[in-house]
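Work through the two exercises below with the model open. Try each task before reading its solution.

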Amino acid sequence: MRHFGTLLLKEEKAIFSSPIAYATVAVYLLLMGYTFTAVLFLNRTGELVRVFFQAAVLFLLIVPVVTMRLVAEERKAGTLELLLTSPVQEIEIVLAKFAAGLSLPALMLALTGSYPAVLGVYGDPDWGPIYSGFLGLLLLAAALTAIGLLVSGLTANQIVAAVVAMGIGILLWMIDTLGTQLSLVAHFTPFATGALFLSDVGFFLTIVLASLLLSVRALARR
């Protein structure tokens with residue numbers, strides 16, 4: 001893993017040198033700010049459940065836009081073959097791209113960390129659901145990032161990668177009507193409401209590990 005840091009720095013520069021990253025963060029903060037303001041000052045409630053669910057839905061739409069270029073762009077530009085023939089392992093490439101892709105949703109969550117601080121000033125919130133809600137959002141973002149990375153590794157078209165990854169995420173969110181075992185919303189809801197179960201943590205981690213493993217296998221076959 002000695003090349004991981006170099007690869008991660010390269011991926012971070014690629015993400016944060018694009019105006020898409022800043023536009024995405026700006027839109028996210030605008031929408032989340034409106035919802036938080038409505039919850040706090042209009043509904044006069046000192047909890048973030050509604051905010052957490054809106055953030056989760058936004059992640060379903062935003063994360064695929066972030067991950068669409070991770071591999072597809074390099075394949076289209078012809079630099080992926082050069083990267084694969086360099087003295088780096090596929091696992092290093094995948095982990096670096098995953099960490100870089102997750103860094104933008106993590107930044108968004110960090111910026112919305114001011115919401116609990118405001119609640120603490122204006123009231124006495126229940127901190128348990130707040131902590132678990134942010135943890136659930138981070139796990140959801142990690143799962144969506146891993147899925148997006150896998151899809152990006154299977155196509156050279158960024159738009160196709162974004163649409164397919166978005167479709168998979170929304171399907172897993174909506175599948176609650178058919179079965180809760182594979183439902184993102186069913187496993188995310190306990191986090192948002194303050195109930196933390198190891199089975200829900202394991203569900204998101206399983207998606208992450210399975211998607212990363214498949215991404216490594218896909219790169220190894222190139």
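What covers the buried residues of α1? Among the elements that cover them are α2 (19–42), α4 (72–77), α5 (79–85) and α6 (90–111). The model is predicted: local features need pLDDT of at least 70, side-chain atom pairs count only at pLDDT 80 or more, and totals for chains, interfaces and linings use all residues. Residues are numbered from 1 along each chain as its sequence is written, and side-chain values use heavy atoms, without hydrogens and water.

**Exercise 1.** Find the buried residues of α1 and say where they sit around the axis.

Step 1. Pick out the buried residues (under 20% relative accessible area; exposed is over 50%, partly exposed in between; 1.4 Å probe, protein chains only). They are Leu-7, Glu-11, Glu-12 and Ile-15.

Step 2. Check their directions, taken from the helix axis to the C-beta atoms. They cover an arc of only 135°, which puts them on the same side of α1.

Step 3. Turn to the face away from that buried side: it carries the exposed residues Thr-6 and Lys-13.

**Exercise 2.** Trace the salt bridges of Glu-11, including its pairing with Arg-69.

Step 1. Apply the cut-off: a side-chain nitrogen of Lys or Arg within 4 Å of a carboxyl oxygen of Asp or Glu. Glu-11 and Arg-69 qualify, with the closest N and O atoms 3.9 Å apart.

Step 2. Lys-97 also meets Glu-11, at 2.7 Å, N to O. This pair links helix α6 to helix α1, 86 residues apart.

Step 3. Follow Arg-69 onward to Glu-73, at 3.0 Å, N to O. Shared partners join Lys-10, Glu-11, Arg-69, Glu-73 and Lys-97 into one network.

Methods
Helices (H or I, at least four residues) and strands (E, at least two) are DSSP runs, numbered from the N terminus. Contact means heavy atoms within 4.5 Å.
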